[in-house]
2 protein chains.
Amino acid sequence: MTDYDRLTARFTRIATLGEASSVLGWDAATMMPPGGGAARGDQLAVLAGLAHSLLSAAELGDELAAAEAAGEPRDPWRAANLRLMRHAYVRATALPRDLVEAQARANSACEKVWREARRAADFARVCKPLDEVVRLVREAAAALAPALGLSPYDALMDGFQPGLRAADVVPVFADYERFLRRALPLAEERQARQPAPVRPQGPFPVAAQEALCRRLSERLGLDFNHARLDRSAHPFSGGTRTDVRITTRYDEADFAPAVLAVVHETGHALYERGLPPAFDRQPVGEAAGMATHESQSLIVEMQACRTDGFLSWLGPELHATFGGDAAPYQPANLARLWRRVERGFIRVDADEMTYPAHVILRFRLEQAMVAGELAVANLPAAWNEGFSELLGMQPPDDSRGCLQDIHWYDGAFGYFPSYTLGAMAAAQLMAAARREVAGIDAALGRGNLSPLLGWLRLRVHGQGSLLGFDDLLRAATGKPLDPRDFEAHLTARYLS
Amino acid sequence: MTDYDRLTARFTRIATLGEASSVLGWDAATMMPPGGGAARGDQLAVLAGLAHSLLSAAELGDELAAAEAAGEPRDPWRAANLRLMRHAYVRATALPRDLVEAQARANSACEKVWREARRAADFARVCKPLDEVVRLVREAAAALAPALGLSPYDALMDGFQPGLRAADVVPVFADYERFLRRALPLAEERQARQPAPVRPQGPFPVAAQEALCRRLSERLGLDFNHARLDRSAHPFSGGTRTDVRITTRYDEADFAPAVLAVVHETGHALYERGLPPAFDRQPVGEAAGMATHESQSLIVEMQACRTDGFLSWLGPELHATFGGDAAPYQPANLARLWRRVERGFIRVDADEMTYPAHVILRFRLEQAMVAGELAVANLPAAWNEGFSELLGMQPPDDSRGCLQDIHWYDGAFGYFPSYTLGAMAAAQLMAAARREVAGIDAALGRGNLSPLLGWLRLRVHGQGSLLGFDDLLRAATGKPLDPRDFEAHLTARYLS
């Protein structure tokens, strides 16, 4: 047994523990009775602590050094795996245990207060706990930065999308901001000239919605021999590669949120299902970061399933499911309903054109907080100023402003850019897929994702973490991340 | 921090890992898509391996020795906890790791073959894998015996019901066998003179059965803020103290299996819910073994819910749920249906009077196999001879004989006696409760378990593992296990 083999066995154990946590996390959001919450928190903490101990073990460090000294493996997968093992070990050992525990406590305390503060639209209430969270995040970033050879903010972002640097993101976002200032008024103008969309009239029984969502997810390629669809307060995708679990929520008055969430989560799930089995439970076999993951949900939801072709297949399906007046299910009406540009205060409700503005604002503010240039007490003012500068509207209160997202209050800094980089990558991948594979759109018109999915399996899913975000895009599309494909997509969909 | 405190922290971690395994086990039986099975096996194996490492750690052994050297804690709970910690440590360290892993592999392989063998009624097919399982069980028993100061078979039984010895069980079972030879023909004769029971005519929609089962379980005292009711191939009770999960299966043609299983599993769940919170995740806070656990399911199912009183409340509830002809829901008819003595080949279908005969047979055969006095190849013949000797019938094939239960084929030897000792303990506890608490039966007539439950909370549930099986019975009923209360219960119910 070589040192490399010993390392793969260690990482298999660590990943298997992670799978257990993932299923327990899914259960907590979908099945667990409320009284089980406290014990579940303990269970997840013990598993996380054990996984961290296994990952930061001195013996693992020794084996890593020995494996590296033996020279880079000739097989590129094994070489990448070894590099990713080192990366994981460096991240795990860079943070003192006390700091990790202090962060867990501070994040959990702040998140609780945030729920009340958001309900009451009262930022003052959560200012102090958030200040403590930011203080510890800065401490963690300062500890990670030298270990990784990165700036503090990049060290945080690297935790969500390895390889991503603020210096690469800044010009991409600047380019998009220029595009948006020009395109958004044009899109609004064009939209105003079109007939108003008609909303299908419910009620839409939950059981019928749920059966439809499952059929749709299966139709898109999810194998329910290895998947489940359940309900939760917020849609998510979890579980493991051979047992993915997606969720949605149902509103009897409107089926759209459930259906669109399932399409989105199916994209995430298809990615997990397509990861390379030969490197199961190894770092190189994992999904290539959060931006890549989001690209896979958005290529299914935004690029594929909101096309004219797919809507022309979906409309009759919806009408057959829910009955009633056929007019609202006409593809052209569904397109007007679901491809609508609308400035709003809430990120998760935003359309695909304005969504990046929400992300750009958060990216700038969180960089400033991590750099110590923006005090937490000044966050609401900075938010409102930045929002109004980007979208020309003043949030009426902090619940519709800096209190809306859980991320910062739970200690997640450096995550937000992934959403928009994922949206851009989705457009770039879709353009490349259309160039390489004939009949993608014709198939979408028959409700058939498989030509696109086949290409994604090959170019993205099956690549695991071999290449990382930018090199994956380069190999699949011929260039690194480039916002112009996304802008071209929006131009075609909203301006022409 | 004393050594005792350090030990409690270690045992808390170990128990918390066990909780994670319990939820994952529940998920595997209720929710998991089939394709997740292989990965789930790995997850449970990693968790079991980690729990075993934590429990057999040399540091834990050192702390244990130091805590014991400091003298027995004055508080009896802490004293018992320390003793139980030693017991768990001895069991965990007595078995070589290689043997544990060989057992896991052999059991899993044998169980797979057993499923086919049972379907085909072909014992020859599973003879060799079972032989290997028995060989390893004997090796494990031989390793455990000197460490625990017990005989090999007692060392196995101790793993299911600590403190139980074959020498105590043998006379109890001999006494029951004598009772059965006399009582069974009399009960059959008396039954033959009664009108035949009328079976309610379905179909009984699953949704209505499920809603009824949940209402019934709640009515019996289960708080669904800390519980769930789901479906599985075989009913069971799992989860954790603050999040218990019971299951049942539904048959549209007959509601009885689902309802009676839920009542049974509710008894298990109420026990878990009533364990002492002050010793949560400590050995002394756990349920006092499998026989005690079975006593709690059977006191609810057999002793309380099949009484005339409870049936007089339940009959109208059932009729209100399912409608149709009222006659089959008359309490007297339900009593004839659900309190029926009938010799049969299958243990899990047996009535409460003949059930112990099934257990006595297995107890004798497994002792002989562990002692090396019965070769696996001779098991079918020994089974058929023993069965016919006890119940006067020859199993027509091995599927209705020695292939019917999973236990042995999965490596569980020493478990079977718990079922009947639990049934006997349930009768003994019920008799004591009736002596001590007024109005138990009157309340059952109103569908109200709480007077009985209050007594069980105090005398059994809240005692955790402070006393163990026999001392618990002594404290609660004034005497150790005594089959005569069970025999008196059967005499009253089936002979008078």
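1. **Ground rules.** This is a predicted model, in which local features need pLDDT of at least 70, side-chain atom pairs count only at pLDDT 80 or more, and totals for chains, interfaces and linings use all residues. Residues are numbered from 1 along each chain as its sequence is written, while chains are lettered from A and ligands numbered from 1 in the order in which they are written.

2. **Overall form of chain A.** The secondary structure of chain A comes to 20 helices and 3 strands; here helices (H or I, at least four residues) and strands (E, at least two) are DSSP runs, numbered from the N terminus. Its C-alpha atoms fill a box of roughly 65 × 50 × 50 Å along the principal axes. The radius of gyration of chain A is 23 Å, which agrees with the value near 23 Å for a compact globule of 496 residues. That radius is taken over C-alpha atoms, and the globule rule is 2.2 Å times the number of residues to the power 0.38.

3. **Burial and contacts in chain A.** Buried residues make up 45% of the 496 residues in chain A. A residue is buried if 20 or more other C-beta atoms lie within 10 Å of its own, exposed if 12 or fewer, and partly exposed in between, with C-beta atoms placed from the backbone. Of the contacts in chain A with a separation of 6 or more, 71% are between residues 24 or more positions apart. Two residues are in contact if their C-beta atoms, again placed from the backbone, lie within 7 Å.

4. **How the copies are related.** Chain A superposes on chain B with a rotation of 179° and 0.0 Å of shift along the axis, at an RMSD of 0.0 Å. The two copies are thus related as by a two-fold rotation axis. The same surface serves both copies, as 100% of the contact residues of chain A recur in chain B. The superposition is by least squares on the C-alpha atoms of residues with pLDDT of at least 70 in both copies.

5. **The interface.** How many residues of chain A are in contact with chain B? There are 29, and they meet 29 residues of chain B. On the chain A side, the elements that give two or more residues are helix H1 (3–30), helix H2 (37–55) and strand E1 (227–231). H1(A) gives the most, with 8 residues. By class, this side has 15 nonpolar, 8 polar and 6 charged residues. In this scheme Ala, Val, Leu, Ile, Met, Phe, Trp, Tyr, Cys and Pro count as nonpolar, Asp, Glu, Lys and Arg as charged, and the others, Gly among them, as polar.

6. **Helix H2 of chain A.** A:Ala39, A:Arg40, A:Gln43, A:Val46, A:Leu47 and A:Leu50 are buried in H2(A). They cover an arc of only 125° around the axis, which puts them on the same side of H2(A). The arc is that of the directions from the helix axis to the C-beta atoms. These buried residues pack against H1 of chain A, and also against helix H1 (3–30), helix H2 (37–55), strand E2 (237–240) and strand E3 (243–248) of chain B.

7. **The other copy of H2.** On H2(B), please also look at B:Gly37 and B:Ala38, which are exposed on the other side of the helix from the buried B:Ala39, B:Arg40, B:Gln43, B:Val46, B:Leu47 and B:Leu50.

8. **Backbone points to check.** The peptide bond from A:Gly202 to A:Pro203 is cis, with omega near 5°, and A:Pro203 is in the loop between helix H8 (166–193) and helix H9 (206–219) of chain A. In chain B, a cis peptide bond joins B:Gly202 and B:Pro203, with omega about 5°. A:Arg281, a residue other than glycine, has a positive phi near 65°. With 20 C-beta neighbours inside 10 Å, A:Arg281 counts as buried. B:Ala121 also has a positive phi, near 50°, and counts as partly exposed with 15 C-beta neighbours inside 10 Å.
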